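Here are my notes on the model you sent over. Have it open while you read, and take the points in order.

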Amino acid sequence: MLALIALATTTLVSYAARSVMETHTSVVEVLKLVGAEPSFIAKANDKQFLTVGIVASGLGLILGLLSLAALSYFVAQAQTVGGGFLFGREHITMTLALMLLIPITATLLALWTARFTLLRALAHK
């Protein structure tokens, strides 16, 4: 499941990076004429993709935590025995730690995908 999400993220970020390149074609051409390296041009877009990645993954984390809390509430209501968290109280720390790793991984994946896509597009021009 996570591989499918990573594939979708990579695909969307790749298309977004190509769109940025096409939108700013004239600026990129001027930078190339001045002598800018492809890594410099790609690095100029890193902040934008990093910001989008942080916001999107943070929103996903919040929605995921809310969904998990709601699900565990309804499971506890249905069981009436022991109650507690969906994965058991002893596993709550591990579950939350793994859930916090997802936004970090998604943000880094978005940043690396954007950089790789932009560098590859600049190499072909």
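1. Setting aside neighbours within four places in sequence, Thr113 touches Thr10, Val13 and Ser14, where contact means heavy atoms within 4.5 Å. Thr113 sits in helix 5, residues 92–124. Its relative accessibility is 9%, so Thr113 counts as buried (buried is under 20% relative accessible area, exposed over 50%, partly exposed in between; 1.4 Å probe, protein chains only).

2. Before going on, some housekeeping. This is a predicted model, with local features needing pLDDT of at least 70 and side-chain atom pairs counting only at pLDDT 80 or more, while totals for chains, interfaces and linings use all residues. Residues are numbered from 1 along each chain as its sequence is written, and side-chain values use heavy atoms, with hydrogens and water left out.

3. Now look back from the other side. Ser14 belongs to helix 1 and is buried, with a relative accessible area of 12%. Again leaving out neighbours within four places in sequence, Ser14 is in contact with Thr113 and Thr117.

4. Which residues of helix 1 are buried? They are Val13, Ser14, Ala17, Val20 and Met21. Viewed down the axis of helix 1, these buried residues fall within an arc of 125 degrees, so they line one face of the helix (the arc is that of the directions from the helix axis to the C-beta atoms). The face turned away from that buried side carries the exposed residues Leu4, Leu7, Leu12, Tyr15, Glu22 and Thr23.

5. I also looked at the length of helix 1. With 22 residues (2–23) at 1.5 Å a residue, helix 1 should span 32 Å, and its end C-alpha atoms are 31 Å apart, which agrees. The expected span here is 1.5 Å times one less than the number of residues.

6. Have a look at the nonpolar surface patch too: Met1, Leu2, Leu4, Ile5, Leu7 and Ile102 make it up, with about 690 Å² of accessible area together. Helix 1 supplies the largest share of the patch, four residues. Leu7 is in helix 1, and at 53% relative accessibility Leu7 counts as exposed. For the cut-offs, patches take residues with over 30% relative accessible area and no salt bridge, joining like charges within 9 Å and nonpolar side chains (Val, Leu, Ile, Met, Phe, Trp, Tyr) within 5 Å. Areas come from the Shrake-Rupley method with a 1.4 Å probe, and for residues only the protein chains shown count as cover.

7. How many salt bridges does the structure hold? One, between the side chains of Arg115 and Asp46 (2.6 Å, N to O). It links distant parts of the chain, with Arg115 in helix 5 and Asp46 in helix 4 (residues 46–79), 69 residues apart. Arg115 counts as partly exposed at 23% relative accessibility, whereas Asp46 counts as buried at 15%. A salt bridge here is a side-chain nitrogen of Lys or Arg within 4 Å of a carboxyl oxygen of Asp or Glu.

8. Finally, the whole chain. It has five helices and zero strands, in the pattern α-α-α-α-α along the sequence; these are DSSP runs numbered from the N terminus (helices H or I, at least four residues; strands E, at least two). Of its 125 residues, 23% are buried. Among contacts with a separation of 6 or more, 77% are between residues 24 or more positions apart. The accessible surface comes to about 8,600 Å², with 74% of it belonging to carbon and sulfur atoms.
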